[in-house]
Amino acid sequence: MAKVKSKLEITNPNAAGIDVGLAVHYVCVTEGSDEQRIQKFSCFTEDLYNIAKWLKKCKVNTVAMESTGVHWIPLFQVLESHGFEVKLVNAKHVKNVPGRKSDVQDCQWIQQLHSYGLLQGSFRPDDQMCVLRSYVRQRKNLIENASTHTLRMQKALTQMNIQLHKVISDTTGVTGMQIIKAIIDGESNPEKLAELRDGRIKSDKSVIAKALAGNYRKEHLFTLKQEFELYNIYQEKVAECDRSIEEYYKTFETKSDESKKLGEEKNKHRKSKPNFALHEELYRVTGIDFTKIPGLDILTVQTIISEVGINYNKWRSEKHFTSWLGLSPSNKITGEKVFNARTRKVNNRAANAFRMAACSVGKSKSAFGAYYRRLKKHLGAPKAITATARKLACTFYQMLKYGQEYVERGMDYYETRYKEKVVKNLIKRAQEFGYVLVQQERLIEEVS
């Protein structure tokens, strides 16, 4: 038998621990590195560089920091630029030992755990991808803020009993925005407003005019005007953000085959789609057309790429990838029994994108659609969405790792394979109990 070690071995002898705070940061290094191994620094930029200088003086090469919120980002970037290996540690992973109720004790505990190699850093994409991620997240925030003003415009119209949303599908479309602008400019004649109708609108002018007959009160018109202006401001900011994203894509190297032509883009006329060739840019950067996966349109792919990056080596396999996304079961075993197999609660934008894709693929005729409907029938929609999202994430990871394109085999192929799998399992179970499973058609022929 192998000899059991009596104590933990130090794997990171030159490790430091930092407890990041709102106003001050507490830093701890190994014993003997300095006369005072624990020091306090302010949060100003000059102090962050002083932390890096002091750590260099103490010959530290790896740093673990524990923080919540975004206070860690400036310090992380400064230390990383100075060549330190920096790990951002989840606060839940270092708070399980009672008795440490001060920042000084926290930084000592972080340093001790990190020196033994017991801390695992949170995922963070490469610096180039972090910049793209910031742009994409800002774009999403702008769209969400614009939607708030859309609801407020709708509320003002309803208060005036203008039922525009009942005769057109999108009040912020071409027809809706023209009508709202005319109302703000002082037009209240329903017949004249209905003439602004686009030819693609299904409702005729008489129906639209009837819906536009309302009580044009001054206070509601004032609210409508302000919300309309704020909505347009956000649309301008979204366009500005798109221009920055388009410009930043030029900093990525080309990995695609320029001679290959891309297929037709999904949701080509999606309203929130940027004005530049995003499909071509993402294909150039990744070398793979991820939009061939059912449920993933170009904006969804951009969200996923900006969150997880294009370096698949961050995860050892698709199992580790889906576990990080919070899409795989977390089997908790005690007493040789699984007492909890629910997925972890994580706030992950990439996981949310895969879940949204799983919802949209539910009614398709693809293999993923058949898989979703089969699980929904037995387990319900929430579990079916999670399982389908995991399957989509595995496909995404495999395409990213091996560079293979997705080939859709269709719903019939999946159902045939599933039937063969069920029959194979039934034959195996029958043999275990000493029976022979005979196909019904064959049995009828033998009897006749």
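**Note on the predicted model**

1. Leu8 lies in the segment before β1 (15–20). The model is a predicted one, and in it Leu8 is exposed, with a relative accessible area of 51%. The cut-off for exposed is over 50%, so the label follows from the value of 51% for Leu8. Leaving out residues up to four places away in sequence, Leu8 is in contact with Tyr116 and Leu118. Gly117 is 109 residues from Leu8 in sequence, and the two C-alpha atoms are 9.5 Å apart in space.

2. On the overall fold: the protein has 16 helices and seven strands. Its radius of gyration is 29 Å, whereas a compact globule of 448 residues would have one near 22 Å. Along the principal axes, the C-alpha atoms fill a box of roughly 85 × 85 × 50 Å. Of the contacts between residues at least 6 apart in sequence, 65% join residues at least 24 apart.

3. The largest nonpolar core has 52 residues, of which Tyr249, Phe290, Ile293, Phe321, Phe354 and Phe396 touch the most other members. Two or more residues each come from α4 (127–159), α8 (218–249), α9 (278–286), α10 (298–308), α11 (318–325), α12 (349–361), α13 (367–379) and α14 (381–402). The element that gives the most to this core is α14, with nine residues.

4. Not counting residues up to four places away in sequence, Phe354 touches Ile304, Phe321, Leu325, Leu327, Ala389, Leu392, Ala393 and Phe396. Apart from the core of point 4 lies another, of 25 residues, with Met153, Ile180, Ile208 and Leu224 among them.

5. Thr395 is placed in helix α14. Thr395 counts as buried because its relative accessibility is 13%, and the cut-off is under 20%. Beyond residues up to four places away in sequence, the contacts of Thr395 are Ile293, Phe368 and Tyr406.

6. Thr150 belongs to helix α4. With a relative accessible area of 19%, Thr150 is also buried; this value should be read against the cut-off of under 20%. Thr150 touches Thr171, Thr172 and Tyr231, with residues up to four places away in sequence not counted.

7. Which residues of helix α5 (residues 174–184) are buried? They are Thr175, Gly176, Met177, Ile179, Ile180, Ala182 and Ile183. An α-helix has 3.6 residues a turn, so residues three or four places apart point the same way. The buried residues of α5 pack against α4, α6 (190–194), α7 (205–211) and α8. After α5 comes Gly186, with a positive phi near 115°.

How values were computed: Residues numbered from 1 in each chain as written. Predicted model: local features only at pLDDT ≥ 70, side-chain atom pairs only at ≥ 80, totals over all residues. Heavy atoms only, no water. Helix = DSSP H or I, 4+ residues; strand = E, 2+ residues; numbered from the N terminus. Rg over C-alpha atoms; globule rule 2.2 N^0.38 Å. Contact = heavy atoms within 4.5 Å. Core = buried A, V, L, I, M, F, W, Y, C linked by side-chain atoms within 4.5 Å. Buried < 20%, exposed > 50% of the residue type's maximum accessible area, 1.4 Å probe, protein only.
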